[in-house]
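Hi,

Here is the structure I promised to pass on. Have a look at it first, and then read my notes below.

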Amino acid sequence: MRELLLIILANGLVNNVVLSRFLGLCSFMGVTNKIESAIGMAMATTFVISVSSCVSWILNYTVLEPLGLGYLRLISFIMVIASLVQLTELFVAKYSPELYRTLGIFLPLITTNCAVLGVALLVIEENLNFIQSLFFAFSSALGYSLVMVLFSGLRERLERSQLPALFKGVPLNFITAGILALSFAGFAGLAG
């Protein structure tokens, strides 16, 4: 139980996929204009990261490794991710058309989100069992979601602030992301 708690803390906070591993920066910067869109993207990406990592783990250890097809890992994982993104896109389009319009092109681009593939590959690289992999993927996805929502809240608040024109837009986003990354670096002693 302690090991699983350490996995959750390590991947959600300390080794956050966005702020420590620098994966998923495209959606981090692109979809965080509003909290609603960040929450929608976070939920969709959490689902895809969690499920694709587990399916990829099963595929790797039941098909690819036993048959000596480890060289097909990358392409196989991408196929799993693309399939899950299509499923997610269809679900969101049917049950939340407003969110589907808000996310726009970023929803199908979850397929190319390096955080999704990165977590699936990290699960294999860490040589975790299935339960550990499940916790690793889910806590990484929750860490991704936490950062997306925090950053979008900060961006919304800063949009209403009086700032010099020099800092408005992209420069302020990068400064805010850097400060947020530094604050998450403070968690480094938690899972040590």
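**Cysteines first**

Searching the whole structure for disulfides (a pair of cysteine sulfur atoms within 2.5 Å) turns up 0. The reason for C26 is distance: its sulfur is 8.5 Å from the closest cysteine sulfur, in C114, too far for a bond. C114 is likewise in no disulfide, with the sulfur of C26 as its nearest cysteine sulfur. For accessibility, I call a residue buried under 20% relative accessible area, exposed over 50% and partly exposed in between, with a 1.4 Å probe and protein chains only. C26 is exposed at 56%, while C114 is partly exposed at 38%.

Before going on, some ground rules. This is a predicted model, in which local features need pLDDT of at least 70 and side-chain atom pairs count only at pLDDT 80 or more, while totals for chains, interfaces and linings use all residues. Residues are numbered from 1 along each chain as its sequence is written, and side-chain values use heavy atoms, leaving out hydrogens and water.

**Helix packing**

Helices here are DSSP runs (H or I, at least four residues), numbered from the N terminus. Axes are lines fitted to C-alpha atoms over the stretch in contact, with angles from 0 to 180 degrees between N-to-C directions.

Take α4 (residues 73–95) and α6 (residues 114–125): their axes come within 10 Å and cross at roughly 130°. That makes the two helices oblique to each other (under 35 degrees is roughly parallel, over 145 roughly antiparallel, 65 to 115 roughly perpendicular, and the rest oblique). The crossing of α4 and α6 is right-handed, meaning that the near helix is turned clockwise from the far one by less than a right angle. On the α4 side, the contact (heavy atoms within 4.5 Å) involves R73, L74, F77, I78 and I81, which meet V116, L117, A120, L121 and I124 in α6. By type, the residues of this contact are 9 nonpolar, no polar and 1 charged. The classes are: Ala, Val, Leu, Ile, Met, Phe, Trp, Tyr, Cys and Pro nonpolar; Asp, Glu, Lys and Arg charged; the others, Gly among them, polar.

α4 also packs against α3 (residues 35–64), at an angle of about 145° and with the axes 9 Å apart. This crossing of α3 and α4 is right-handed. The α3 residues in the contact include F47, V51, V55 and L59, and those from α4 include R73, F77, I81 and L84. The contact of α3 with α4 divides into 12 nonpolar, 5 polar and 1 charged.

**Loops**

Most residues other than glycine have a negative phi. Which way does F22 go? It has a positive phi of about 55° although it is not a glycine. F22 sits in the loop between α1 (2–14) and α2 (25–30) and is exposed at 51%.

N127 also has a positive phi of about 55°, again without being a glycine. N127 lies in the loop between α6 and α7 and counts as exposed at 59%. E126 is placed in the loop between α6 and α7 (130–159), and is partly exposed at 39%.

Cheers
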